[in-house]
Amino acid sequence: MATLYEVNSFFTAWLERRYHSRRHSTLKMSPRDALEKACASHLNMSRPVEPATVHEAFLWRENRVVSSLGAVKIYSNLYEVEESLLGKTVELRFNPYDLKRILVYFKGVYRYEARPYQMKNFTEKRVKERQTDSHKALEKAMQAIVREHKDEIKERSGLSFAKALEVKHDE
C-alpha cells in the first residue's frame, strides 16, 4: 500500500468483510448484529473517541528504573528523565515504529516526554523483522479482502446495465 486511498480502501473492506461480520466470543454475535440489536432496542450508546485517546491505547509499555544519572535505557537507546525520578521505576509508553518519542509515566500518571540522548535504534527490532517477513503475505491478503468487498458492493447495489437493457444471456 503506497497511498492513503489504498490504506482507507483496505481498512473499509476489512472492517465490512471481516471484523463486523464475524461472531465475537464476548458478544456471542457479530458486531453488526449487536449494533442492529442495540439500535432496535434504542440502546445505541456509541460515542466519538478522540484520535489521541486511540493512539495512546495502542502504545507499547515497558517499565524501567531511572539510573543515578537520570536516564533510562530501552532498546539500546538512552533517554534523559527528570532527576526527581532517580532510582524509581517508571512506565515508558511508545510507538515501536518511532522510538524518538517516549512518554514517561510514574504511578500511572503522565509526567512528560523523555529527551532522546543517545539513539541507536529508531524502530524496535522485532518490528523490522515482522515487517520484512510478512509484507508479501499481507499484501496478498489485503488485495483479496478488497476484491471481495468490491464484489459485495456490486452485488448489493444491483446496478447492471445488462439488467437495465433486459439483455438475455445465452446458456
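**Close-up views of a predicted model**

View 1. S4 (89-95) is mostly covered, with five of its seven residues buried; buried means under 20% relative accessible area, exposed over 50% and partly exposed in between, for a 1.4 Å probe and protein chains only. Strands (E, at least two residues) and helices (H or I, at least four) are DSSP runs numbered from the N terminus. The model is predicted: local features need pLDDT of at least 70 and side-chain atom pairs count only at pLDDT 80 or more, while totals for chains, interfaces and linings use all residues. Residues are numbered from 1 along each chain as its sequence is written, and side-chain values use heavy atoms, with hydrogens and water left out. Strand S1 (residues 60-65) pairs with S4 in the antiparallel sense over six bridges, where pairing requires that DSSP finds at least two bridges between two strands. Within S4, Glu91 has Asn63 opposite. S5 also pairs with S4 in the antiparallel sense, over five bridges, and the two strands form a hairpin with two residues between them.

View 2. Arg93 stands opposite Leu103 in S5. The charged end of Arg93 sits over the ring of Tyr105, 3.5 Å from its centre; this term requires NZ of Lys or CZ of Arg within 6 Å of the ring centre and within 35 degrees of the ring normal.

**View 3. The largest nonpolar core.** This core has 16 residues, and Val90 and Val104 have the most contacts inside it. A nonpolar core is a set of buried Ala, Val, Leu, Ile, Met, Phe, Trp, Tyr and Cys residues joined through side-chain atoms within 4.5 Å. Strands S2 (71-74), S4, S5 (98-106) and S6 (109-118) each supply at least two of its residues, and S5 gives the most, with four.

**View 4. His149 in helix H4.** Helix H4 (residues 125-157) contains His149. Because its relative accessibility is 9%, His149 counts as buried. Apart from neighbours within four places in sequence, His149 is in contact with Thr12, Ala13, Glu16, Arg17 and Arg156.

Definitions and conventions: Contact means heavy atoms within 4.5 Å.
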